[in-house]
Amino acid sequence: MTNLFDIKGKVALITGSTHGLGMAMAKGLGQAGATIVVNGNSSQEKIDNAVNELKSEGINAVGYKFNVTEEQEVKTAVAKIENEVGPIDILINNAGIIKRIPLLDMEVSDFREVVDIDLVSPFIVSKHVAKGMIERRQGKIINICSMMSELGRNTVSAYAAAKGGLKMLTKNMATEWAKYNVQINGIGPGYFATEQTKPIRVDGHPFNDFIISRTPAAKWGDPGDLAGAAIFLSSKASDFVNGHILYVDGGILATIGKPSNEE
């Protein structure tokens with residue numbers, strides 16, 4: 001049974017993995033024995049810091065700076081990674097942004113930027129990584145979707161449009177590539193306790209109270225909670241799972257909520 005979840009020696013490229021949930025998944029896969037390829041685009045310093053943090057925990061990690069929305073950069077980087085590190089066994093398309101702007105106030109350029117990073121980049125990176133996977137007749141691709149792949153919320157129209165599209169892109173990738181023994185699935189995270197959410201995760205803050213009351217588990221997720229889902233979808237245990245979105249959300253999508261007077 002242990003062999004089903006064994007990813008020792010696998011090479012895992014995780015885009016947008018210098019911090020947050022990307023870093024949490026990098027740590028989870030790295031602690032399970034995978035070689036982690038950290039990606040970012042904002043600065044080499046952030047990539048180096050992330051690689052050093054992983055190495056300090058005994059994880060084999062390297063870093064590559066490239067823009068996931070630029071196809072030529074992606075093509076060059078993928079070739080370089082596979083030449084210098086090894087064939088990419090696992091790809092996690094995690095890079096993403098969100099712009100909280102009401103629809104009527106949102107500039108077209110802002111909408112396009114969100115869709116370009118959150119939806120077009122997973123297509124670009126997957127296209128170039130999948131070619132090698134198809135030749136080798138094995139591979140795992142995980143697209144980081146969202147609860148906004150299923151639901152809308154005020155001010156996140158571009159993000160919801162992109163993540164809804166990513167859910168369907170995941171299913172269509174599976175439709176085209178499953179016959180080559182490549183499994184393409186998604187993870188839809190709920191609300192997690194990260195550095196970015198730290199300022200609002202305090203008692204009495206309206207959004208904190210909303211998340212606690214709205215989540216059946218009655219708490220924020222721990223970033224480490226994503227590790228199990230990522231390892232499952234990266235290992236042989238998921239060899240017949242394809243085109244599926246695994247929501248790790250404490251049960252939010254399972255319920256419409258509860259009346260304010262209900263305990």
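In the predicted model, helix 3 (residues 71-84) and helix 4 (residues 108-136) pack with their axes coming within 8 Å and crossing at roughly 35°. The crossing of helix 3 past helix 4 is right-handed. On the helix 3 side, the contact is formed by Glu 71, Val 74, Lys 75, Val 78 and Glu 82. These residues meet Ile 124, Val 125, Lys 127, His 128, Val 129 and Arg 136 of helix 4.

Strand 6 (residues 182-189) is largely enclosed by the rest of the structure, because eight of its eight residues are buried. Burial extends to both faces of the strand. One side carries Val 182, Ile 184, Gly 186 and Gly 188, and the other carries Gln 183, Asn 185, Ile 187 and Pro 189. Strand 6 pairs with two strands, strand 5 (residues 139-144) and strand 7 (residues 245-248). The pairing with strand 5 is parallel and runs over six bridges, with Ile 141 standing opposite Ile 184 of strand 6. The pairing with strand 7 is likewise in the parallel sense and comprises four bridges; here Leu 246 of strand 7 is the bridge partner of Ile 187. Both isoleucines of strand 6 named in these pairings, Ile 184 and Ile 187, are buried, Ile 184 on one side of the strand and Ile 187 on the other. Strand 5 and strand 6 also belong, together with helix 5 (residues 157-177), to a right-handed β-α-β unit.

Four aromatic pairs are counted in the model. In one of them, the ring centres of Tyr 191 and Phe 207 lie 5.6 Å apart and the ring planes are at 75°, above the 60 degree limit, so the pair is classed as edge-to-face. This pair links distant parts of the chain, with Tyr 191 in the loop between strand 6 and helix 6 (206-214) and Phe 207 in helix 6, at a separation of 16 residues. Phe 207 also pairs with Phe 210: the centres of these rings are 5.9 Å apart and their planes lie at 40°, so this pair is tilted. Both phenylalanines are located in helix 6, three residues apart, or about one turn of the helix. Phe 210 is partly exposed, with a relative accessible area of 40%, in contrast to the buried residues of strand 6. Tyr 191, Phe 207 and Phe 210 form one aromatic cluster together with Trp 220.

Technical notes. Residues numbered from 1 in each chain as written. Predicted model: local features only at pLDDT ≥ 70, side-chain atom pairs only at ≥ 80, totals over all residues. Heavy atoms only, no water. Buried < 20%, exposed > 50% of the residue type's maximum accessible area, 1.4 Å probe, protein only. Pairing = 2+ DSSP bridges. Right-handed = clockwise from strand over helix to strand, strands pointing away. Phe/Tyr/Trp six-rings, centres within 6.5 Å; stacked < 30°, edge-to-face > 60°. Axes fitted to C-alpha atoms, helices over the stretch in contact; angles between N-to-C directions. Left-handed = near helix turned anticlockwise from the far one by under 90°. Contact = heavy atoms within 4.5 Å.
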